[in-house]
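Please read these points with the model open beside you. They go through some ring contacts, charges and backbone details in turn.

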Amino acid sequence: MSTIEGRPPANAPGTTSETPSDPGALADRYAATRGLSLDLTAPLTDEDCCVQSQPCCSPTKWHLGHTTWFFERFILLDALGQRPHDERYEFLFNSYYNALGERQPRACRGLLTRPSRSEVVEFRESVDERLTAALRRGDVPESAMPALELGLNHEQQHQELLLMDIKHLLSCSPLDLAYCRDEPEARPATRLGWVGFEGGLRSIGTTFGHDPTIYDNECPVHRVYLEPFEIADRLITNGDYADFIADGGYERPEFWLDMGWTHVQQHGWTKPAYWCEADGRWHEFSLRGRHPLCDTEPVCHVSYFEADAYARWAGARLPTEFELEAAQLEHPQTRGTMLEDRRFHPGHVGEPDEHSGRPRQLVGDCWEWTSSSYGPYPGFACPKGAVGEYNGKFMCNQYVLRGG
């Protein structure tokens, strides 16, 4: 399965927040964001935090160290001229910034038995103490604020990654482990509706510097022409996808892109990741452990090829990223399950309002595949310096995700 890249909905409410001008408020926001990462590790043992279950995952301990390195490198060292907490961490916790030197290979992060979890937490405390003090004194220059905002969003991205990587790690155990034990909420299935949108010229993207919460890959503003289109008013559910499987979806090449069909044959795909059959029915592993599949929850952990094949089977297609952005901008109040809800799994969707003509799920719950290649917008330019490697150098051989 190829790697993927996502774009958040441009200027979508609830996905970012403005940088406050009050230094105390900014320091409080920094502390709350950083504190949540440690809160998310509370159910884990030291051993849980050290193991890397596959090359594309990272140990929890590495996530905690890397996000700390980001603030130390781009704020404390580059902007304030301070010394690093430990010079060796420059190598250990650099992720992919070639301009900043060599680094621990990604597939070998699980070999880092040291520093210990407690030493990584000590590293975090050192950086947090120094940066919080600088923020409260007003010592962080205005020129460093974009990097600080990016660091906060980067921390939130790694909170999602941390949970996703722990999910894979726990799923590898034969001990029926769970991160949390809340039960799925049984609700009746809701029918799938469609929301129509007019075609025409649409403005896509935003202007760098206009809003401190945007990413460089959302820039600049440009126009695209859209034909009239419709988008389903909710996400595809486990029950929907089980119908695709029951109809021979993984056995019928007419639904699959050639490369996707090759993956089906080579890797023996027959179901989404984390699904298994037991006692004559589907079960799913989530952060709440292994449990009978809830038909009304959104299907997740399907590849681009699987999402595309399902859409063809259903007589539809994947939307473009520009169609999804247009839909999100037209219905900005649509919000699904977010990390703040502490459910740690996509949620149900309510019954449709026959008269609203509005989508019920656009932001939250799941990342949504689009048919758009991940490339630069017209006029895109990477920021100068190492931070310019954050997005620009990955604009190749990937498809865009939206909405998560």
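1. Phe 255 is buried, at 9% relative accessibility. Here buried means under 20% relative accessible area, exposed means over 50%, and partly exposed lies in between (1.4 Å probe, protein chains only). Phe 244 is buried as well, with a relative accessible area of 0%.

2. On the source: this is a predicted model, in which local features need pLDDT of at least 70 and side-chain atom pairs count only at pLDDT 80 or more, while totals for chains, interfaces and linings use all residues. Residues are numbered from 1 along each chain as its sequence is written, and side-chain values use heavy atoms, with hydrogens and water left out.

3. How many aromatic pairs does a search of the whole structure find? The search finds 30. Rings of Phe, Tyr and Trp (its six-membered ring) pair if their centres lie within 6.5 Å; planes under 30 degrees apart count as stacked, over 60 as edge-to-face and the rest as tilted. Phe 244 and Phe 255 form a tilted pair, with 6.5 Å from centre to centre and 55 degrees between the planes. This pair links distant parts of the chain, 11 residues apart: Phe 244 is in helix 6 (residues 238–246), and Phe 255 is in the loop between helix 6 and helix 7 (258–267). Helices (H or I, at least four residues) and strands (E, at least two) are DSSP runs, numbered from the N terminus.

4. Tyr 250 and Trp 256 also make a tilted aromatic pair, at 5.5 Å centre to centre and 45 degrees between the planes. Tyr 250 is buried, with a relative accessible area of 7%. Trp 256 is buried too, with a relative accessible area of 7%.

5. One aromatic cluster is formed by Tyr 30, Trp 69, Phe 70, Phe 71, Phe 74, Tyr 96, Tyr 97, Tyr 390 and Phe 394.

6. Next, the charged side chains. Side chains of opposite charge can pair when their charged atoms come close. The structure holds 24 salt bridges; a salt bridge is a side-chain nitrogen of Lys or Arg within 4 Å of a carboxyl oxygen of Asp or Glu.

7. Which residues form salt bridges with Arg 73? One is Asp 78, where the closest N and O atoms are 2.7 Å apart. Another is Glu 90, where the closest N and O atoms are 2.5 Å apart. Arg 73 is buried, with a relative accessible area of 15%, and Glu 90 is buried at 18% relative accessibility. Asp 78 is partly exposed, with a relative accessible area of 46%.

8. Arg 317 forms a salt bridge with Glu 323, and their closest N and O atoms are 2.8 Å apart. Glu 323 counts as buried, at 7% relative accessibility. Elsewhere, a network of salt bridges links Arg 34, Arg 124, Asp 128 and Glu 155.

9. Two peptide bonds deserve a look. The bond from Arg 114 to Pro 115 is cis, with omega near 5 degrees, and Pro 115 sits in the loop between helix 3 and helix 4. The bond from Cys 219 to Pro 220 is likewise cis, with omega near -10 degrees. Pro 220 lies in the loop between strand 3 (200–204) and strand 4 (222–226).

10. Is Arg 342 buried or partly exposed? Arg 342 counts as partly exposed, at 42% relative accessibility. Its phi is near 55 degrees, a positive value in a residue other than glycine. Arg 342 is found in the loop between helix 9 (321–330) and strand 9 (368–373).

11. Phe 344 is not a glycine, yet it has a positive phi of about 60 degrees. Phe 344 is placed in the loop between helix 9 and strand 9. With a relative accessible area of 19%, Phe 344 is buried.
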